[in-house]
Amino acid sequence: MSIFSYLLPKKQSTASVAKERLQIIVARERSTRGGPDYLPQLQEELLQVVRKYVPVDQDAVNIQLDRESGCEILELNITLPEG
Amino acid sequence: MTKIVVVTSGKGGVGKTTTSAALATGLALRGFKTTVIDFDVGLRNLDLIMGCERRVVYDLVNVINGDANIKQALIKDKKVDNLFILPASQTRDKDALTQEGVEGVFNALRNDMQMDYIICDSPAGIEKGALMAAYFADEAVVVTNPEVSSVRDSDRMIGILASKTRHAEQGEGDIPARLLLTRYSPERVEKGEMLSVEDVQEILAIELLGVVPESQAVLNASNAGSPVILDIDSDAGQAYSDAVARFLGDNIPHRFTTVNKKGLLGRLFGG
């Protein structure tokens, strides 16, 4: 998790926030369009595996799909409870 | 050879009907015999934008059901030659639009009326009316506002166009879909308050047909029932004229995408 984004708050224009959000959601929706609809299921199953060991809730999971020079990066963040 | 063009967006209120009216009028002004069809069954509105609401006798569903033939149902525009309007029905029966029925209407417009262009004004959403408007299309114009929900819905619609048209189903590939960005405000883009043309293009990744600025002329035109493209002095009217030229293959630069910084003298003496 990028802790620096909290420590160094930068003032971002609302348009660039909009663009970032759109890029993420559109990439996610495209990946589930037409082809195998695996992303939500993947998320659910991964969550079940983690839950075998640590109690986490649905909100603790964050999936992001990014594009970088021709390849797509699927980023899955699961915030584990403290202690 | 008749070309069928769908004007679509997914989201409502972004300017599909305004664009359909402008595109059809622009094509007719250039001498192409053009019909614009309102596919929004239940919520007829194209007639108001075209200024022919009091001349509606028969509608799209009447033609599909055989209550009227295409010649009886087409309304000939009073201002522009070569321009015809086929209004939507106000029936609430959503099953009134059948694939065979719509195909029959297109065949009549092609064979009996010798149309050059058929412009299909799609309803909002991704329900039957929108799918029927898109199914037979040879080409699509995707109308989008520089705003998150509109861009997302447009992307959805581009996906549907890629799989749910007759051309796609017959394995002839995607139909060409081009982006028309409407209600654009270069001032707000410059302040970082609005997605830029480049941002929207990058996300949707389709060719840009035109940018129509946010303009008072659009409301004035709809108030008067005269397509905004006929308001040749207005920014929106000129933007639509440019878009029609590009639609027909002209390569002209985009206007109204940057803030006009001219002072009073520049406005008086500048071109």
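**Exercise 1. Is B:Tyr135 buried or exposed?**

Start with the cut-offs: buried means under 20% relative accessible area, exposed over 50%, and partly exposed in between (1.4 Å probe, protein chains only). B:Tyr135 has 9% relative accessibility, so this residue counts as buried. A word on what you're looking at: this is a predicted model, where local features need pLDDT of at least 70, side-chain atom pairs count only at pLDDT 80 or more, and totals for chains, interfaces and linings use all residues. Residues are numbered from 1 along each chain as its sequence is written, chains are lettered from A and ligands numbered from 1 in the order in which they are written, and side-chain values use heavy atoms, leaving out hydrogens and water.

**Exercise 2. Classify the pair of B:Phe39 and B:Phe106.**

Rings of Phe, Tyr and Trp (its six-membered ring) pair if their centres lie within 6.5 Å; planes under 30 degrees apart are stacked, over 60 edge-to-face, the rest tilted. Here the centres are 6.4 Å apart and the planes sit at 40 degrees, so the pair is tilted. Next, check burial: B:Phe39 is buried at 1% relative accessibility, and B:Phe106 is buried too, at 2%.

**Exercise 3. What type of aromatic pair do B:Tyr135 and B:Phe136 form?**

Take the distance: 4.9 Å centre to centre. Then the angle: 90 degrees between the planes, which makes the pair edge-to-face. B:Phe136 is buried, with a relative accessible area of 3%.
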